[in-house]
Amino acid sequence: MPKLDILITRNIPGAALKLLRERFKVDIWPSDEVIPRPTLLSKIKDKDGVLCLLTDQINKEVLDKAGERLRVVSTISVGVDHVDTVECTKRGIKVGNTPDILTAATAELTVGLLISTSRRIVEGTHAARNGDWGAWKLMWMCGPTLDGATVGLFGLGRIGTAVVQRLKAFGVKKFLYNTANKKNNNFEKNLGVQFASFHDLLHESDFIISCCALNKSTAGIFNKNAFEKMKNSSIFINISRGGVVNQEDLYHALSHNIIRGAGIDVTTPEPLPTDHPLFSLKNCVVTPHIGSATEKTRMEMTMLAVQNLICGLDGTEMPAEYKQ
Ligand SMILES: O=CC(=O)O
């Protein structure tokens, strides 16, 4: 039987590529940079499957170009906001993603952002390097503490849950949560978190963490209105998608002491241009979308996406099929 045709939109580790080459006729964009859109649109034609990244918009245009043979879209990411999953379902195309295996790494980075923002680690490092580190001063470089604080989670899925589990060791007094699915009694019982309306979550939390999926109801939800409801002393963390935040409003809130600080791993666009105003702020820590960036996690994500593609094309159960 002739081998099925697949497209890989980026360089992937050798072991993963070998597995795919054994089974499929592989067309790969052999680069660590994003595949140019025209190249994606021409290479996808007549492919049976595609292994892609979160930087590739797999929308109707791509699906149309692919034609009727396309049966599996496997993304090396947990987020699927770059894939038109509704259109895929309509066309009988299976979508695979990489949940669970990146939960610990992303929760770890979230804790890192909470601490580096509240304890001003980046600002302090710059001050030390720049010669602004004078004699030990009582109130210099102080910040808020998680100990005794109220932490609010917007989105309480796998990653939010793992963040709560880790933060318990820091003496957090109260965890509030708000999710698109509203109140979930199991969370409350098993995790020790309390449901709060979005308003109350913003109003009562000392630390607010966005760990929701990006969709129609969350796009731009952290805007002027939301920041104005937060405490002036609050710290905002975003590890979900840049699209949940209105960045101009965030800049305004940070530069006018409406909130105290922010730690963001995701922005719009990515990369965030180096002359973006957010980079000029001492109270904003920006990391370059590295939530899942441990070697182990990225390797496991690749392997899971490879297995999703193989099983999807074999017609067997995908280890992680994304279901609407
Ligand atoms: O943001 C990272 C992912 O969706 O895996």
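In which loop is P271 found?

The model is predicted, so local features need pLDDT of at least 70 and side-chain atom pairs count only at pLDDT 80 or more, while totals for chains, interfaces and linings use all residues. Residues are numbered from 1 along each chain as its sequence is written, and side-chain values use heavy atoms, with hydrogens and water left out.

**The ligand**

Select the ligand first, together with L54, S77, V78, G79, L102, R241, H289 and M301, which surround it (a residue is near if one of its heavy atoms lies within 4 Å). By class, this shell holds 4 nonpolar, 3 polar and 1 charged residue. Here Ala, Val, Leu, Ile, Met, Phe, Trp, Tyr, Cys and Pro count as nonpolar, Asp, Glu, Lys and Arg as charged, and the others, Gly among them, as polar.

Next, display the polar contacts (pairs of N or O atoms within 3.5 Å). A side-chain N or O atom of R241 is 2.7 Å from an oxygen atom of the ligand, and a polar side-chain atom of H289 also lies 2.7 Å from a ligand oxygen. At G79, a backbone N or O atom lies 2.8 Å from an oxygen atom of the ligand. Of the 190 Å² of accessible area that the ligand has on its own, the protein covers 89% (Shrake-Rupley method, 1.4 Å probe).

**The sheet**

Now select the strands (DSSP runs of E, at least two residues; helices are runs of H or I, at least four, and both are numbered from the N terminus). An open sheet of 7 strands runs in the order β8-β7-β6-β9-β10-β11-β12, with parallel pairing (two strands pair if DSSP finds at least two bridges between them). Its edge strands are β8 (194-195) and β12, each pairing on one side only. Within the sheet, β10 (residues 235-238) and β11 (residues 261-264) pair over 4 bridges in the parallel sense. Select F236 to find its bridge partner in β11, A262.

Most residues other than glycine have a negative phi, and most peptide bonds are trans. Move to the loop between β11 and β12, where P271 is found. A cis peptide bond joins E270 and P271, with omega about -5°. P269 is found in the loop between β11 and β12 as well, and T268 and P269 are joined by a cis peptide bond with omega about -5°.

Finally, select D46 in the loop between α2 (37-43) and β3 (49-52). D46 is not a glycine, yet its phi is positive, about 65°.

Notes. A polar contact is a pair of N or O atoms within 3.5 Å; within protein, one must be able to donate a hydrogen and the other to accept it, and residues adjacent in sequence count only if both atoms are side-chain atoms.
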